[in-house]
Amino acid sequence: MQNLLRVKTSYEAVDDLIQREIGNAVTANDTTTELAWAQRKDLNDYAFFVVLFAQFERIAKEKFRQARDTRTANVDWRQRRGWDGPLFSSDRAPFPDQLAAVLDRQTDEYRRIMRYYEDRNHVAHGGLTNQVASIDLLASDLQMIAALLRA
Amino acid sequence: MADLTQWVCEAGGQVSPSTIPGKSEELLAEYDVSPTDMPKLDIRVGNVFAKVEPFGLWVIGGNGRVDVKTRRGVFKLVDIALPFTQAHWRVAGPGLRDAPPLSAALFLQVLRG
């Protein structure tokens, strides 16, 4: 969680500088400069979105490993069942499966993470179709959901 | 847009509506949806000037985004409601990193910087 917060703090520092340039352009009614900085802001938001989601992914995977290791070490088969099978025995289980092990799939939070995951894959492979709504909102949502994960 | 206009007028500001001609989004173009004119607002409250421009419907982490360009930078109004439910707008930008819910008082604060 600490790294998620560090990335957000770094974003705010960089975004404040970009915002100053946009504000100056708006004040000067310089539309060309304003648009140029707005485009830089959108690209910067894409970059931070990918880094923020990567930090969330790391937290979720760590929670998953804790849950798996605790349960597979249990001598009681009722606690072990399903966790010691081939899908979960390595860390290579697909992210949606790992996430479903630590966050209820039947929740809005799980569905939101899966939407972010699709968007993250899109952006990480060069897609720039849909812009980020707001890194501030995304970061707070990721923090809130990270706190819901259960090992 | 109607709410924003009303809030500004009630505060003694002036709103000049106009349109962004032929606004489209990549996803819409992909499905042959024709570009359409979108409303935008130029706002003046006292000696402060700002622009309100709809950004798009298909955005990551929201149902839509409207940009408010001010002397302090761009503030983003984002609808975070579930699709096809009552809109729930939040506002984020410089000094509003916790993205509080949009209200008349907050919108005027954003405009005035």
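What share of the contacts in chain B with a separation of 6 or more comes from residues 24 or more positions apart? After that, please walk me through strand 5 of chain B.

Modeller: Happy to! This is a predicted model, where local features need pLDDT of at least 70 and side-chain atom pairs pLDDT 80 or more, while totals for chains, interfaces and linings use all residues. Residues are numbered from 1 along each chain as written, chains are lettered from A and ligands numbered from 1 in written order, and side-chain values use heavy atoms, without hydrogens and water.

To your question: residues 24 or more positions apart make up 32% of those contacts in chain B (heavy atoms within 4.5 Å). The chain runs α-β-α-β-β-β-β-β-α from its N terminus, with helices (H or I, at least four residues) and strands (E, at least two) taken as DSSP runs and numbered from the N terminus.

Now strand 5 of chain B, residues 73-79: seven of its seven residues are buried (under 20% relative accessible area with a 1.4 Å probe, protein chains only). Over chain B, 47% of the 113 residues count as buried.

Strand 5 pairs (at least two DSSP bridges) with strand 4, residues 64-70, running antiparallel through seven bridges. These two strands form a hairpin with two residues between them, and Thr70(B) stands opposite Gly73(B). Strand 5 also pairs with strand 6, residues 89-92, again antiparallel, over four bridges; there, Leu77(B) has Val91(B) as its bridge partner.

Terms used. Buried < 20%, exposed > 50% of the residue type's maximum accessible area, 1.4 Å probe, protein only.
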